[in-house]
Amino acid sequence: MVGRFITLEGGEGAGKSTLSRALSARLQGTGLSVLATREPGGSPKAEAIRAAILGGHFKPHGAFAEALMFSAARIDHLDTLIRPALARGDWVICDRFLDSTRVYQGALGAVEPGLLSELERITLDGAVPDLTLILDLDPQIGLARAASRRSPGEAVDRFEGETLAFHQRLRQAYLAIAADEPSRCAVLDASQPPEALAEAAWSVVSERLIDNRTA
Ligand code: T5A
């Protein structure tokens with residue numbers, strides 16, 4: 001049996017990590033084996049690249065250089081963790097994936113679309129998610145949530161430190177992807193409490209993936 005691949009996307013502090021934990025527990029409760037992972041990162045090499053990117057190391061080199069680094073991390077993550085898990089029949093839940101590159105480096109970083117889609121083709125090599133849950137939230141709420149979680153004196157990361165206008169455009173870019181690819185994507189209202197959001201996510205997963213498992 002081949003597993004299923006679910007990705008969680010959205011702005012900063014939208015609740016992706018919290019939802020990933022709830023969804024993993026729910027799937028495990030049905031007897032499925034689940035790998036919950038994240039991007040950038042997931043594998044040791046990709047986590048090392050994560051530290052450099054979020055530390056702002058590649059910012060001076062521009063959005064295309066950052067897209068290359070996210071892609072390098074993604075290739076290792078896919079090869080060492082995600083593909084083997086799917087081949088074993090595990091369900092993979094990944095906190096951010098290809099749409100983050102499309103939105104942050106593409107729509108916002110203005111990397112040329114043809115270049116980005118060619119990079120995506122090479123990086124993914126067919127590993128397209130079965131389902132992408134897009135957590136839609138007013139960025140002011142998301143940034144406040146992310147800030148409240150930071151310990152005193154902890155610096156904001158590379159993208160959290162961008163302007164509110166950047167985060168508002170980011171939200172619109174995610175909604176545009178969902179409108180373009182409705183069979184892969186579902187938009188969830190992330191202003192709901194965690195338990196209600198998890199329930200809404202579970203409805204979509206059940207309807208699109210579990211009830212259709214023989215498809
Ligand atoms: N990036 C990433 C790119 O530019 N290109 C790429 O290709 C990729 C893969 C990653 C950064 O890298 C960029 C995007 C990002 O800027 P990150 O640290 O992983 O950085 O950042 P995020 O993915 O945004 O992770 P966060 O941890 O900031 O946000 P989450 O995971 O969405 O939110 P979560 O679950 O940690 O919750 C945040 C706080 O809110 C509370 C939680 O308890 C927590 O305190 N919360 C809720 N409160 C109320 N209602 C809910 N429903 C809540 N859910 C969570």
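How much space lies in the largest pocket? The largest pocket holds about 1,000 Å³ of space, and of its 43 lining residues, Gly13, Lys16, Ser17, Asp95 and Arg149 are the closest to its centre. The structure is a predicted model, in which local features need pLDDT of at least 70 and side-chain atom pairs count only at pLDDT 80 or more, while totals for chains, interfaces and linings use all residues. Residues are numbered from 1 along each chain as its sequence is written, and side-chain values use heavy atoms, with hydrogens and water left out.

Pockets and cavities are found on a 1 Å grid over the protein atoms alone: a cavity is a set of points where a 1.4 Å probe fits but cannot get out, a pocket is an open set with protein on both sides within 12 Å along at least five of seven lines, and lining residues have an atom within 4 Å of a point. Grid points are joined across faces, edges and corners, and a volume is the space filled by probe spheres set on the points.

The lining of the largest pocket draws at least two residues from each of H1, strand E2 (34–38), H2, H3, H4, H6 and helix H8 (194–210); these elements are DSSP runs numbered from the N terminus, helices being H or I with at least four residues and strands E with at least two. H1 supplies the largest share of this lining, seven residues. By class, the lining has 18 nonpolar, ten polar and 15 charged residues, where Ala, Val, Leu, Ile, Met, Phe, Trp, Tyr, Cys and Pro count as nonpolar, Asp, Glu, Lys and Arg as charged, and the others, Gly among them, as polar.

The ligand sits in this largest pocket, which requires more than half of its atoms to lie within 2 Å of the pocket's grid points. Around the ligand are 27 residues, of which Ser17, Thr18, Arg96, Thr101 and Arg149 come nearest; a residue is near if one of its heavy atoms lies within 4 Å. Helices H1 (16–29), H2 (44–54), H3 (63–88), H4 (98–108) and H6 (139–149) each give at least two residues to this shell, and H4 provides the largest share, four residues. The shell divides into nine nonpolar, eight polar and ten charged residues.

An oxygen atom of the ligand lies 2.5 Å from an N or O atom in the side chain of Ser17. For the side chain of Thr18, the corresponding distance from a ligand oxygen atom to an N or O atom is 2.6 Å. At Gly15, a polar backbone atom is 2.9 Å from an oxygen atom of the ligand. The protein covers 85% of the 1,000 Å² of accessible area that the ligand has on its own, an area computed by the Shrake-Rupley method with a 1.4 Å probe.

The second largest pocket contains about 190 Å³ of space. Its lining includes Arg102, Val103, Pro113 and Ile177, and H5 supplies the largest share, five residues.

The structure also holds two cavities of 30 Å³ or more. The largest cavity has a volume of about 130 Å³, and of its 16 lining residues, Gly11, Glu12, Leu137, Leu170 and Arg171 are the closest to its centre. H7 gives the most to this lining, with four residues. The second largest cavity has a volume of about 70 Å³, and its lining includes Ser71, Arg74, Thr101 and Glu120.

Key. A polar contact is a pair of N or O atoms within 3.5 Å; within protein, one must be able to donate a hydrogen and the other to accept it, and residues adjacent in sequence count only if both atoms are side-chain atoms.
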